[in-house]
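User: I'd like to go through this structure with you. Can you take a few questions once it's up?

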Amino acid sequence: MEYVQEILHLGGVSVPALAERFGTPLYVYEAASIRKQVANVRDAFAALPFRPFYAMKANSNLALLRLIREHGFGCDAVSPGEIHLALRAGFAPESIWFTCSNTSFEDFRAVPDPRIVINLNSVSEIDKIVELGLPNPVALRVNPDVGAGHHADVITAGESVKFGIDLAELETARMLLEDAGSSIVGLHAHIGSGVDSLAPLLASAECLLELIDDFPELRWLNFGGGIATPYRPGDAEFPIAEYGAALARIAGPRLRERNLTAILEPGRYVVAASGVLIARVTTKRVSAGVDWAGVDAGFNDLVRPSKYDAYHHIVNATRGETGALRETYDASLHREEIVVAGNLCESGDVFTRANHRVVTRAIEPLRVGDLVAFCDAGAYGFSMASHYNARLLPAEVLVDGGEARIIRERQGLDDLFRGME
Ligand code: LLP
């Protein structure tokens, strides 16, 4: 992402040209960014017996899945739909883990291949797969009693969370599966998303390592995802090399001794920085002395600000400069305090929020007709998009080698009517 003569370019392609060709709102991904992130993951954990996985809930576009698969990743899927997307993208069935979350009989019956690893989240789910007689290898998702994340709603271990088998129940889980003749090939813990420090990740890893003696058929220890990425100017990069070195220190010898392979399954870390949501400024207004810009996208396209008060850096893609970008932020540039709001019929449809409130943001001046880019929107952007207010899902474009290609067509009215009389 760079400015060339005031115009934002993604992977060498001008954003106004992309908006002209594909319309707005538009998700644009840079392949080079994803390649860099997957290489970082591979390098950081190279000292371990290691297989990287990708948590596809972050972004399950087939073109991105294929790109990530080509770099040797397996895949964490959370629904039959995600499993089918992973298979279609060419992931081998044995490289797919189906991580359950209050999974129904119908969902279990829809697992299309006996080689897919079923990662069980509760004794109730164990009862179901035993009743169905599923032949798949299984893993157990453990609650390691330590959680972390960028928002309370994305902390997935510790107290009051719906995930993971309690340590006290693990023995029951193991016996039920062994009695049924299932092979427990993996243990798994995922403590949350947007985890920006090593300590909780390592505490969770220690917890898993303490359990391995009770599981003779283990092949994998899955330490989950959750690695944070920068969103605000000045945010530090996650120390992924340190994470790899620390994990190699605490887990390396025991993994080798037992001939186990470590899995990490980041989602956000792989795709967040690659993606930008492009929208056009449609209106401006002043209300009670506060400036507002309205854009042709809403929380149906990018829900993270409305849902988690998440910060997405916003730049003017039509007229800007290098100092506007998060990575090269120059605080001395001329900026104006403004609220940026979407086009949905709801007061919470505002992209500039903090502490459950609408706030202004200092942004380079915006005019009606300018394009804005919501940065770092590659993870949990499109994958959380909805049809709210009967808005159509936006198009997605991948930029690679200086060329842009459509990887998901913009929806049309037929998509809205489908299945209804
Ligand atoms: N593995 C499991 C079992 C997960 O539940 C998740 C995320 C991941 C891996 C990947 O976590 P990551 O590396 O992306 O942090 N919608 C929220 C994030 C929810 C994450 C849910 N689980 C957001 O927009 O921040």
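User: Valine 315: buried or exposed, and at what relative accessible area?

Analyst: Some ground rules come with a predicted model: local features need pLDDT of at least 70, side-chain atom pairs count only at pLDDT 80 or more, and totals for chains, interfaces and linings use all residues. Residues are numbered from 1 along each chain as its sequence is written, and side-chain values use heavy atoms, with hydrogens and water left out. Buried means under 20% relative accessible area, exposed over 50% and partly exposed in between (1.4 Å probe, protein chains only). So valine 315 is buried, at 0%.

User: How far apart in space are valine 315 and leucine 8, C-alpha to C-alpha?

Analyst: In sequence, valine 315 and leucine 8 are 307 residues apart. In space, their C-alpha atoms are separated by 8.9 Å.

User: Which residue forms a salt bridge with aspartate 370?

Analyst: A salt bridge here is a side-chain nitrogen of Lys or Arg within 4 Å of a carboxyl oxygen of Asp or Glu. Aspartate 370 is buried at 4% relative accessibility, and in its salt bridge the closest N and O atoms are 2.6 Å apart.
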